[in-house]
Amino acid sequence: MANVIIHHCPSLKLARERKETITDYSLVKISSFLSKYAKGKKYYIYTHGCQANYRDSEIFKGILTKIGFKESKDANHANVILINTCAVRENAENKVLGEIGNLKKKDVTLILAGCMAMEEVMVNELIKTFHHVDIILGTHDIAKLPNLLEEHLKKNKRIIEVNSGSGYIHERLPSVRDSSFKAFVNISYGCDKFCTYCIVPYTRGRERSRDPKDIINECKELVKQGYLEITLLGQNVDSYGKDLKKKYSFAKLLDEIAKLKIHRLSFLTSHPYDFSLEIIDVMKKHKNIQPYLHLPLQSGDDKILKLMGRKYDSKKYLSIIKVARKKMPDLFISTDIIVGFPNESDTQFKNTLKMVKSAQYDGAFTFIYSKRSGTPAAKMVDKISNQTKVKRFKELTSLLNQIIEKNNKKYLNKTYEVLVDSVSKNNPKALTGRMHNNKMINFNGSQKYVGKLVKVKVTSTHIHYLIGEMVK
Ligand code: SAH
Ligand code: SF4
Ligand code: F3S
């Protein structure tokens with residue numbers, strides 16, 4: 001271990017502790033040593049996980065650009081490689097471990113950042129087995145990247161800097177946004193819900209809401225720059241502002257941002273426990289808020305919901321859906337569901353199927369439960385076989401597909417406004433975009449429409465997207 005400098009190692013215990021939130025407005029400073037080093041050198045970033053990680057990668061790009069590195073389109077030509085990792089399920093981690101294994105190249109500085117860096121067991125394993133990982137950087141330590149890089153280069157040692165349970169919010173970090181027309185804006189960091197299966201509160205820390213002024217200023221700036229779409233991000237947007245000295249609700253924040261006249265506004269993720277029906281009224285009031293609600297169910301069984309620590313029951317969940325659909329008939333509702341929580345019985349699984357039928361989702365992400373070391377659920381002795389879980393998973397996805405396919409029919413032969421996202425990977429003549437309610441749609445068209453609003457008539461449907469043709 002002589003070759004490793006450990007500043008701080010992760011601690012799941014520390015991650016649970018609530019600290020006072022401190023907003024840091026200081027600017028990142030770059031030394032002349034680093035600027036000189038970066039001349040003519042390139043970086044490459046791998047990003048895994050959720051929107052929070054995508055936004056963090058934009059900050060990493062901002063910092064590396066400020067140092068003086070250029071972005072490389074190809075990892076093989078990069079001098080600095082950063083992997084921004086996700087720890088939410090075991091398969092996400094295995095993908096990253098495979099990636100690290102393939103990156104054993106001399107003369108490359110390899111940095112591991114993101115949620116895997118926040119796990120005690122994982123960091124010990126990385127230190128022991130992956131000697132070519134030069135820097136392990138925690139999710140609260142992003143602003144320290146220049147200092148750590150300099151220390152690594154000067155001392156030629158591996159550096160571990162992972163602080164758990166920080167109460168900091170860093171405003172004014174540099175960032176290079178991936179898109180010039182759609183942007184993610186964080187409204188809060190971390191999560192206070194501690195659902196018993198979930199690692200996120202440990203990897204991202206306790207919930208910290210940004211000052212509404214800072215959020216509104218960032219959105220104003222994006223509108224000024226010509227952005228067409230803003231997605232507000234929080235692990236639980238509905239509890240926004242509850243931790244602020246001067247209480248502020250998410251409904252109010254949404255209302256204020258919608259008034260800034262951004263063309264499209266949406267938000268992720270809602271939590272049924274904290275969700276207030278006032279949000280639906282704000283959505284209805286503003287034409288620029290997308291009729292799109294991502295409301296994770298996780299399970300349709302009340303006893304499992306209790307064991308998951310979700311703090312709502314199926315009745316409360318359905319009542320939200322009912323009111324939302326009544327007030328906004330055009331609303332696109334999607335969800336997350338976990339199959340195979342420890343000891344989930346056949347009847348309990350059937351209750352999830354029942355809920356799915358009642359909710360009539362327009363979209364869904366389904367997962368098989370993955371044991372996360374350090375979470376309360378990891379201690380539960382699970383008697384259900386993996387085979388049973390896979391069988392239930394298939395049954396659930398097949399039901400969801402049927403419902404979604406049926407719901408898709410209502411779009412047929414109608415024309416919608418579409419924000420064109422990109423050219424399709426498989427077909428250079430095909431474009432992919434999002435409708436007013438975030439539904440994905442593919443159609444033929446030229447690259448010049450990327451980032452533009454166009455009208456598309458739906459001609460056929462597929463489970464996960466619609467197919468259409470552009471109308472003039
Ligand atoms: N804050 C969001 C997103 C959390 S992670 C929310 O609360 O919805 C995204 C999804 O991953 C979760 O909604 C959940 O369905 C799933 N997930 C989280 N932990 C998991 C685990 N241990 N095994 C399987 N799926 C998990
Ligand atoms: Fe995880 Fe629950 Fe927080 Fe979502 S609300 S991030 S599932 S602990
Ligand atoms: Fe994954 Fe971390 Fe997001 S665990 S889902 S990248 S918050």
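On the face of helix α12 turned away from its buried side are the exposed residues K315, K322 and K326. Exposed here means over 50% relative accessible area, buried under 20%, and partly exposed in between, with a 1.4 Å probe and protein chains only. Helices (H or I, at least four residues) and strands (E, at least two) are DSSP runs, numbered from the N terminus.

Before I continue, please note that this is a predicted model, in which local features need pLDDT of at least 70 and side-chain atom pairs count only at pLDDT 80 or more, while totals for chains, interfaces and linings use all residues. Residues are numbered from 1 along each chain as its sequence is written, chains are lettered from A and ligands numbered from 1 in the order in which they are written, and side-chain values use heavy atoms, with hydrogens and water left out.

Let us turn to the other side of the helix. The buried residues of α12 are S314, Y317, I320, I321 and A324. Seen down the helix axis, these buried residues fall within an arc of 130 degrees, so they line one face of α12; the arc is taken from the directions from the axis to the C-beta atoms. In general, an α-helix has 3.6 residues a turn, so residues three or four places apart point the same way.

Against what do the buried residues of α12 pack? Their partners are α10 (278-285), α11 (302-308), β16 (332-339) and α13 (346-359), where contact means heavy atoms within 4.5 Å.

K311 has a positive phi of about 70 degrees although it is not a glycine, and at 48% relative accessibility it counts as partly exposed.

I come now to the ligands. A residue is near a ligand if one of its heavy atoms lies within 4 Å of it. Around ligand 2 are C191, K193, F194, C195, Y197, C198, V200, P201, Q235, H271 and R310. Of these, C191 counts as buried, at 10% relative accessibility.

Ligand 3 is surrounded by G49, C50, N53, C86, A87, V88, C115, R204 and Q235. Here C50 is partly exposed, with a relative accessible area of 34%.

How many disulfides does the structure hold? The number is zero, a disulfide being a pair of cysteine sulfur atoms within 2.5 Å.

Finally, a cis peptide bond joins L268 and T269, with omega about -5 degrees. T269 is found in the loop between β14 (264-268) and α10.
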